[in-house]
Amino acid sequence: MKSYNIALLPGDGTGPEVIREGVKVLDAACSAHDIKLNYTEYDFGGDRYLRTGETIPDSAVEDLKGFDAIFLGAIGHPDVKPGILEVGILLKVRFALDQYINLRPVKLYPNVDTPLKDKGPEHIDFVVVRENTGGIYAGEGKADDVGTEKEVAIQVMEYSRPVVDRCVRYAYNYTRKRNRKNMCTLVHKCNVLTHVGDLWVRSHKEIGDAEFPDIKQDYNHVDACTMWMVKTPEYYDVIVTANLFGDIITDLGAMIQGGMGIAAGGNINPEGVSMFEPIGGSAPKYTGTNTINPFASICAGGMMLETLGEDKAARAIDKAVYDALASGKIKSMSAGCMGISTQEAGDLIADLVVLS
Ligand code: IPM
Ligand code: MN
């Protein structure tokens with residue numbers, strides 16, 4: 001039997017509720033595939049910060065490096081000033097563990113409402129590979145003469161060739177493994193960001209030409225990409241893009257796949273420890289109501305198994321999610337409107353996963 005050590009960070013608000021269902025489904029899938037997950041729980045998040053003034057200590061970040069993967073609920077607390085927990089926990093872990101890929105599938109499951117008219121599951125199924133540790137998120141910044149008429153603020157978008165190359169290479173490999181349309185679209189803004197954009201364009205072309213002749217190369221400006229994601233999402237297979245662009249287009253992606261209730265992501269270090277999360281926030285107003293949608297967390301669990309190399313168990317989770325939605329028992333993806341409780345949704349998928 002294979003076993004993996006998983007760090008659980010349930011976090012704030014409804015995070016613990018969705019993590020509970022995620023773990024329920026993971027355990028069902030794993031026991032059906034002769035895998036054992038050993039969990040160690042950490043309480044980092046808003047409550048702990050308000051109690052102790054600590055976001056996540058360096059020693060805990062070191063501890064996290066010893067796990068096989070990290071499963072995160074949500075970070076964000078109404079009594080904590082925006083930015084403190086996001087930067088102090090989420091970004092700190094991403095950077096410290098060099099999770100340089102943010103993998104965000106945009107997939108519409110059956111019976112899930114999309115705001116796009118005349119589009120169905122056959123049209124919305126692509127993956128965004130977002131660079132996750134560089135660019136404007138990590139560049140230098142400063143503000144001078146704050147509050148005066150002369151105020152100037154600077155935030156630098158900086159990319160080195162190796163940081164771009166490793167992301168682009170990951171995206172091509174992922175495109176090949178996915179084996180759908182075999183097309184890797186670079187999304188950037190090279191018509192304006194002439195230096196950084198040009199670096200991405202050359203990396204994408206040179207790596208594509210040299211190592212991935214079987215993969216079609218494609219390029220969209222980021223503004224046009226948001227247009228095509230709405231008009232012809234069926235065009236896309238794999239998108240690779242810089243950190244900030246990826247952040248923005250994946251929120252759009254989450255909406256067209258049915259909302260934050262179903263949008264999952266992985267912060268991946270292909271050579272190290274990766275962290276998986278539902279990409280919606282902590283939704284504090286639903287805390288303890290047993291009405292939050294656990295699908296995103298369950299899908300994030302499936303991505304975790306895929307990244308650990310447990311493809312069969314991962315596929316079983318994806319199929320169970322598919323079957324649960326195809327059953328028509330879930331009325332809506334929105335919190336409070338599912339028609340069944342958080343716990344019942346988890347039970348339903350856990351039962352189906354054993355049959356998959
Ligand atoms: C995300 C979030 C984070 C980001 C924030 C909370 C720092 O929006 O995971 O997409 O910008 O990366
Ligand atoms: Mn975001």
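So, which helix gives the most to the shell around ligand 1? That's H4, residues 84-96, with four residues; helices here are DSSP runs of H or I, at least four residues, strands are runs of E, at least two, and both are numbered from the N terminus.

Quick housekeeping. This is a predicted model, where local features need pLDDT of at least 70 and side-chain atom pairs count only at pLDDT 80 or more, while totals for chains, interfaces and linings use all residues. Residues are numbered from 1 along each chain, chains are lettered from A and ligands numbered from 1 in the order written, and side-chain values use heavy atoms, with hydrogens and water left out.

Back to the ligand. Around ligand 1 (a heavy atom within 4 Å) you find Glu86, Leu90, Leu91, Arg94, Arg104, Arg130, Tyr137 and Asp247.

Now the polar contacts, meaning N or O pairs within 3.5 Å. Ligand oxygen atoms sit 2.5 Å from a side-chain N or O of Tyr137, 2.7 Å from one in Arg94 and 2.9 Å from one in Asp247. Alone, ligand 1 exposes 320 Å², and the protein buries 74% of that (Shrake-Rupley, 1.4 Å probe).

On to the sheet. It's open, with 10 strands in the order S2-S1-S3-S12-S11-S4-S5-S10-S8-S9 and mixed pairing; a pair needs at least two DSSP bridges. S2 (35-41) and S9 (216-221) each have a single partner strand, so one side of each has no neighbour in the sheet.

Finally, H4 packs on this sheet, touching S3, S4, S5, S11 and S12, where contact means heavy atoms within 4.5 Å.

Key. A polar contact is a pair of N or O atoms within 3.5 Å; within protein, one must be able to donate a hydrogen and the other to accept it, and residues adjacent in sequence count only if both atoms are side-chain atoms. Axes are lines fitted to C-alpha atoms, for helices over the stretch in contact, and angles run from 0 to 180 degrees between N-to-C directions.
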